[in-house]
Structures are given as C-alpha cells and as structure tokens.
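Subject: Handing over the structure

Hello,

Here is the structure I promised to pass on to you. Please open it alongside this message, and my notes will follow.

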Amino acid sequence: MFDYAPATEFNNWNPSQLILDEKYTYSNGTEINNWDGRYKGMMTIRQALVESRNIPALKTFQNVKNEDVVNFVESIGLSPEVDSTGRIHEAHAIGGYNGESPMTVAGAYETFANGGFYVEPYSFTKIEFDKDGKTYENDIEKRKVMSPETAYMITDMLIDTGQNALGKYNSVNGAEFGAKTGTTNFDKKTKAARHLPDNAVNDLWVAGISPDYTIAVWYGYESNNDGYNKFGSSQNSRLFQAVAKNFFKSGSKFNKPNDVVEVTVERNCGEALLPGANTPDDAKTVEVFKASSKPTEVSARFNTLSNVSGLKATVSGNSATLSWNAIETPEGLNEGYWKDHVNKAYSSAKDQGSLLNYVMNYNRGILGNVAYDVYIKTGEGLTLLTSTEATSATVKLPNIKSPKLVVKATYSIFKGAASSGSEVTVDYKGISASD
C-alpha cells in the first residue's frame, strides 16, 4: 500500500525493478531489520514482496514522493499518521502505525481486485420493508484511485506472494487469489518486561483478494497484556483459508487489462531490457509491464563478439606461434554501457552505485573474462587446440599441407557469444598468410 503500489503508479516501476536488500537504517539513523535478520542482496521488487523483505519496502517508500504516498493511501480508505507538515513517518513502509482494522484493510486491498476503483466497505445492497413493500437501495460509490494497469500489476505480484506466504494453506477451492501476511511485533522493552520468548509476536494478519471477494483477517488479542502469538505459527493463514473456502470460487481468474502486457526480459539489467539472440534461457524471465512503458531496447550483454584483427603465425618445427590484437571491451563487460541503464533505474547516486556494482559482478560471474579459442580447421570442421586470455598462443601443427588455424574471441565462461573467427594459413617454411 505504501511502497510498491505508489511506486508503480507514480514512478512507473514494474515488478522487475531491482532493489538492494542490505544493512540499512531509517533516515533518522534508526536501524531497520528484516524478519529473518538476514540480507539477500539485489532482488526484484516482486521477490521482495513475495519474501516480505522490510528493507526493500522502506527503500521503495523513500523513492516515492511522500505527498504522493499520503494521497494514495488516503484515497483507498487508510488512515496514516500524518504530521503537521502533511508528511508520514517512514515506519509506514512496513505497516508501523496505528489506525487500521480488518474492514479498512479489506477495503484498501479491494481496489487491486476492482481494477483500481475504491468502494467503501458495506454490509448490504438494499433493504426491503415487509409492512409497505418499500425498498431502500444502498447508494454504493465507486471511485477510481489508481490506473487499472497498476491494480493488475500489484495483483499479479500478490498472487505469487500468497502462494509463498500462506504455506500449506495457499490453496482455496482452486481459485486464483492474491494475499499478503503481516505481523505486529512487540518492542524489546515489552518483551523484557513480560519475559516473552524470542518468537513472541502481537498480531497476525492476512489480506487476500479474489476476482469476487476481498478478505482481511486479524488474529490476536484485544490487549497486549492478554497473551501473545508465536511467529511462524500460521494461525492467521489457517483462519484466512477457513474463511476464504466459503467465498472464493473455483476457476475464478483475474482479468488482465489490455494495456498490461507480458514481456520476456533479460534478468539483472538495471532498467528492463529485451533479451538478445544469444541470451540463454536461464537469463530470461517473463514480467508484466504497462504497455506504454514496455521495454523496447535489446540488451547487449550476450552480443556476439567481434573478430580479432592482425592475426599472424610463425612456424618453428611442428609448432606455430600465433599473435593477434585484442578486441575492444565488449558491452557485456563495459561499465560505461551498463552505467547508462542503471542511471535510468534510479536517481540516487548511492543506489546507482550499488546497482552498477551488482550488475558488473553479475556479468563477470556469468560471462567471465574475454578469452580466445584457437582451432585447427579441417574438412570435418573445427577442433579446439587451446584457450587463452592472452593475445598469443603456441600450438602443435598436424602433419598436413598448409593447415588453417582459426582464432575466435569468446568469454572464459559463456561460449554462446563467440565470434565467427579469423583464419590464418600456415606452412612449414615459416610463412603464414591471414585470410
């Protein structure tokens, strides 16, 4: 509500947006932690929502204008703690404020299933009076509060989130639905005063949406002094499933708006980029985008490398020593190329630096360094003789007349971008000719 939906609506983010899960603090210096006390590094906001990571949520909140967040959440029926300047504090990013009930939470989540329209929760549609037969119709107001594209993209993320968060309770009548769990923790002072165990928590929540119904459940105690729940008990998920089984319909599906498109993109590019001809399948993913901002540029990470130039060979006995000029740094390892795409994803210099470092480390991990493969060419094809990261190599020659040697630029790890190859013909008189 306070993070990914406003970022999608106002900043035009999509679920593939990368964000760094790292040691972090609120703007006032107070440390913020994830529920498991760990940091998982760079991830998409889809992953961050699915795994309920607090730090990516806060970072997303900080990337949206505070005024936009306030207007957004108030438009969907929530009651944030707005200060005298019209701003809300950063703990809202992870639900750290008072004022909501299952009714208001259900009403807010309903806007996603409703295609971006808010309807204040109501308990009846009409009343028919027995005495005079008159009917009173409840005047239901339907108000557009976000684009249908934003509503669907968040719904799509919540479908994945519900499957992960609800564990063994993630199946309801075969219906398609999205859900988000939530936990309200005791502070350290309360835990110490009441001698509570480490896994003690206060409230447990679930909010879920289907194409027809929205449900929000709260599992807890009216007073903090009455008792406590246990983190990971799943009682909230169990309660949610029990209620949802009475309402969620088998086979129900959310309708994707025409202006939301599914696009296959290349992973870990900073901004979203299309895969190239050489992109391996495990480096691709399918994501949803607003049609108006779907990616159109193709990633150059796996582009076919250029051929070497200046290839020469000298012969000594039955060995040939080849030398060539190194190719220019390819786009896959060119920091300048990736900096341009990273800077489009974030405006903060710190975020840009972190993301660029991640992308370059990822590239080096899957590509390796520039290398050169040396082959002997025969009528049966190419046979690899040696690989090197240098610009020269010595190989043994076969006992055939005027053998041809081929040098291909490649990567030390990823071989799918190898160049077509430069050839040199050698003889045993110490003379070579480059084709």
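A word on the ground rules. This is a predicted model, in which local features need pLDDT of at least 70 and side-chain atom pairs count only at pLDDT 80 or more, while totals for chains, interfaces and linings use all residues. Residues are numbered from 1 along each chain as its sequence is written, and side-chain values use heavy atoms, with hydrogens and water left out.

The whole chain

The protein chain has ten helices and 22 strands; these are DSSP runs numbered from the N terminus, with helices being H or I of at least four residues and strands E of at least two. Its radius of gyration is 30 Å, well over the 22 Å that the globule rule gives for 435 residues, so the chain is more spread out than a compact globule. (That radius is taken over C-alpha atoms, and the rule is 2.2 Å times the number of residues to the power 0.38.) Along the principal axes, the C-alpha atoms fill a box of roughly 115 × 55 × 45 Å.

Of the 435 residues, 45% are buried. Here buried means under 20% relative accessible area, exposed means over 50%, and partly exposed is in between, with a 1.4 Å probe and protein chains only. The chain exposes about 22,100 Å², and carbon and sulfur atoms supply 45% of that area, computed by the Shrake-Rupley method with a 1.4 Å probe; for residues, only the protein chains shown count as cover.

Contacts (heavy atoms within 4.5 Å) also tell us something about the chain. Among those between residues at least 6 apart in sequence, 63% join residues at least 24 apart.

One lysine to look at

Lys294 sits in the loop between β14 (284-290) and β15 (309-316). With a relative accessible area of 42%, Lys294 is partly exposed. Which residues does Lys294 contact, leaving aside its neighbours within four places in sequence? They are Val261, Val263 and Phe289.

Salt bridges

A salt bridge here is a side-chain nitrogen of Lys or Arg within 4 Å of a carboxyl oxygen of Asp or Glu. By this rule the count comes to 15.

One of them joins Glu22 and Lys59, whose closest N and O atoms are 2.6 Å apart. This pair links distant parts of the chain, 37 residues apart: Glu22 is in the loop between β1 (18-21) and β2 (24-25), and Lys59 is in helix α3 (residues 54-62). Glu22 is buried at a relative accessible area of 19%, and Lys59 is buried too, at 4%.

Another salt bridge brings Glu51 and Lys40 together at 2.8 Å, N to O. Glu51 lies in the loop between α2 (45-50) and α3, and Lys40 in the loop between β3 (31-32) and β4 (41-44), so the pair ties together parts that are eleven residues apart in sequence. Glu51 is partly exposed at 25%, as is Lys40 at 36%.

Glu423 and Lys377 form a further salt bridge, at 2.5 Å from N to O. Since Glu423 is in strand β21 (residues 422-426) and Lys377 in strand β17 (residues 370-378), the pair ties together parts 46 residues apart in sequence. Glu423 counts as buried at 18% relative accessibility, whereas Lys377 is partly exposed at 34%.

Best wishes
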